Amino acid sequence: MFQYNRINNLVGWLVFAVATIVYVLTLEPTASFWDAGEFIACSYKLLVPHPPGAPFYLLLGRIFSMFAGDPSQVAWWVNLLSALSSSFTVLFLFWTITILARKLLIPNVVTPASSVHAVTAPATIEPTFGQTIAIVGSAAVGALAFTFTDSFWFSAVEAEVYALSSFFTAFVVWAMLRWESKAHEAMSDKWLILIAYMVGLSIGAHLLNLVAIPALAFIFFFRLKKYSTKGAILTMAVSAFILGVVLVGVIPGLPSIAGWFEVLFVNSFGLPFGAGVIFFVALFIGALVWAVRYAIKTGNRMLHTALLSFIFILIGYSSYLIIPIRSGYDPTIDENDPENIVSFVSYLKREQYGDRPLLFGPQFNAEPIDQEEGAAQYIKGEDKYIEVGRKQEAVYASNDKTLLPRLYSGQPGHVAQYKKWVDIQEGQKPGFGENLNFLFKYQMGHMFWRYFGWNFIGREGDIQQSGVLWPWESEQGLPDRVSGSKARNNFYMLPLALGIIGLIFQIRRKQRDALVVGLLFFFTGLAIVIYLNQPPIEPRERDYTFAGAFYAFCIWIGLGVLAIADFLRKLVKNDALAGVVATLVGLLVPAVLAAQGWDDHDRSDRYHSVDSAKNLLSSVAPNAILFTNGDNDTFPLWYAQEVEGFRTDVRVAVLSYMNTDWYLDQMKRQAYQSDPFPMSLENPNYRQGINDYLPYVERPEVANGIDLKQYIQLVKANHQALQIADRGGRTYLSFPTKNFFLNVDKQAVISANAVAKEFQDSIVTQMRWTINKGGLEKKHLAILDLLANNNWQRPVYFSTTADNSDFMGLDRYLQLEGLAYRVVPVLNADPERTGIIAKDIMYDNMMNKLSWRNMDRADIFYDENYLRFPANARDKYYQLAVAYLEAGDKATAKKVINHTFEKLPDSAIPYDYYIPPFIVPLYEVGEEKRAQEIIDTMSKRSDTALRYYFTQGSLFETEIRINLFILQQLIQSARQVGLTQKAADIEKMFMQHYSQMGQ
């Protein structure tokens, strides 16, 4: 046993070392896109991220960040947390496979049950040297295969919670198998309590770990009970109950009960804030102490173990206390402001994201027939909790609801997406069959099995909706964007084949263990699909969600080596030789995964996620207010400001968050060097339930326009002139005209240097604009208040990636200064152009301040998320060059154009739909050769792309439209420069493809 254990431990740590080296070598050096920038910033300063938070992850991230020598290294160290979490996941996967593999090779020999524990004790049998090689080899192959799987590797090299969550899953499965081998011992229950504690800790990272509970329950059942169908059903029911207790009863349930006591004690009994929470905590702890003492007194071991496990889950869960504690200090990132029990419960329940029907509910075309009032909603007032209304829950007719409602979303565009997967007839309600069809085709097929194929069969590319790459697929006729993608990986089905062999082998040898692994695969994969009830379109791929299922399949990959060894043993009659050969054959799987995946998972030289944030911040004037859009427009900016201290004078205002009262409160506080928002509206004017939406109700007396300042004053006064009432008698404010005007203090504008010098003579005395909306959201009201009261003292910008609808008709009063538009009192007379161009300011920003580190290197993989930002920058460089050409300065225009192609070359950042407009300016500055090369290259690429995408179905409509648009631009540009024959050829090509639209 000593020899086997020593080899098992040694090889396990060697595999861990390999995984760690791989992840460290491919680690992103800074914050990547999506949530990573937010998590790094929140880890560094223990801030409050988006609901439901990840407090334990933040605590670990804070510890890792303390090793950074300077702030620029913080991101690498927090990323390292994911790398080490992932390599420890690989380690525990290795040891899990050795346990399962050993059980397949060595039959159980049991000794009589102990009279004390009534659990049979397995006899310890030392594996032979040949068996040891096979066991350890199978574990090495399975663990290394998981190391290089696409989805797991992706999460291992960035600051995200999924790597840590995977670690907890791997640990509890391993620990449960360890308990299984020690269940006969007097102290075996300590393993169950350890597992409970780790489950509690995992809640502070992500909830994905909880879905492993049913698999753990069956390990418990198979070890202690004789198998029966009734027992299996009861085990499943009990595991579902435990999962429900933790997911519903503990995480939001206990704080919700505490919140109920709090409101009762404060509002009804007149006690100070916190009295109800203290009472509930004391009552709850008292009940637990009594229950534990009762279990000890009665000698009820199962009750005692269950209570201790519950307590240790709570101890692990207590990491969540960091959320209200830190929120109470009003940090710069304080999402949902969960500083009191009421807002904390809302934070835990993720109420801002809404919910989706799960087992029974309405479909997308269902119309509400009534509304029911739900639970009261409170906010903390000065001396009590104020009810701000009740949740309104729509009531639907029973015939509009169905079992397993998968076609539920009525959001714009979603119905069209549903039609790509199921046959939905206009005016007809989808039946249960259509819902099941969408479940199996899209939610399971496209959003799970496609990802499964990415990891074990092959991946077509990095374009969203890319499919599985099968070994027999031809490479002929592929667009460069697909064939040249580093994410195009062909694994030749080797991982899949080996995993299926292992699955069959385990089923034949050890059906119960196969069931446990199968349950783990199901609950971390398909069960999540059913629970999430995903909409028909997502902003990004969601494969990282199912890393637990891929982990389970890699167990079977490892056991596949054992199956090969068993087959070879019968041929060569030598266990050791069979184990060595099987291991060498099996190592082909992680080898091909590593070889194919290295170039698209190596992020060691990628910096543009943070550079894009700094570029945007560098485009605005000092002390600016910058309105941005969603995650990738915002989280890298948070990282740059919070961690590296870059441009902390700029106030980043996230438009989607500005519909909340807590965020507007934060905007009105000082943040580093950034002064508070100059808003006149106070919290009572915008708190939850107040002025969430102001509908347009026309009043003829102000049809020609209303003074913006006067309108804001009317809103602040809750003036009767703006009030309207609904059928229930509740009053709301409205906006009475779509036409607004704002008088301009020209001297204040000039003194603040708010307008470029070349446009100061064009400053208007009054800005007039039209808001073409049916209603104003809270964010629009806040922006209007800012404009009314700012008096041009602070520069106000919109990111050029912001939604134009949020400009609220101010499009004609914008000044482009780089990657941001500044609101200025200068009317743009050109309706074809968004904003006037401040050439000198923009030149300095774009040419001297922007950073494009490694964006000219073709050996670095840039996926879709990275390509969007240089594409936007190319457009701004083009506009700057055109502005200089219009001013007669060809030399500067040429300099701008050459700078664009030097920093963002086609070899690294492929030409996109912002490149064809460069053709005419290139001709004007004497760069005809480059212009013709662009025409030839892009027309050929678009032709190939369209031929390909038209064969791929409706999922790639965006790519089809983009390439048709490119051809249109090429036609127009070719004609403008006199290439009439070339334009005719491309037009013919365009018409051939366009005729296929709608077919």
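Two strands count as paired if DSSP finds at least two bridges between them, and the strands themselves are DSSP runs (E, at least two residues), numbered from the N terminus, as are the helices (H or I, at least four). Colleagues, the model before you is predicted: local features need pLDDT of at least 70, side-chain atom pairs count only at pLDDT 80 or more, and totals for chains, interfaces and linings use all residues. Residues are numbered from 1 along each chain as its sequence is written, and side-chain values use heavy atoms, without hydrogens or water.

I begin with the sheet. It is open, with 6 strands in the order E10-E9-E18-E20-E19-E21 and mixed pairing. At its edges lie strand E10 (651-654) and strand E21 (836-837), each of which pairs on one side only. Strand E9 (residues 625-628) runs parallel to strand E18 (residues 796-799), the two being joined over 3 bridges. Leu626 stands opposite Tyr797 in E18.

I turn next to helix H35 (residues 928-949). Its 22 residues reach 31 Å from first C-alpha to last, close to the 32 Å expected at 1.5 Å a residue, where the expected span is 1.5 Å times one less than the number of residues.

Finally, is Leu571 buried or exposed? Leu571, in helix H21, is exposed (over 50%) because its relative accessible area is 56%.

Methods:
Buried means under 20% relative accessible area, exposed over 50%, partly exposed in between (1.4 Å probe, protein chains only).
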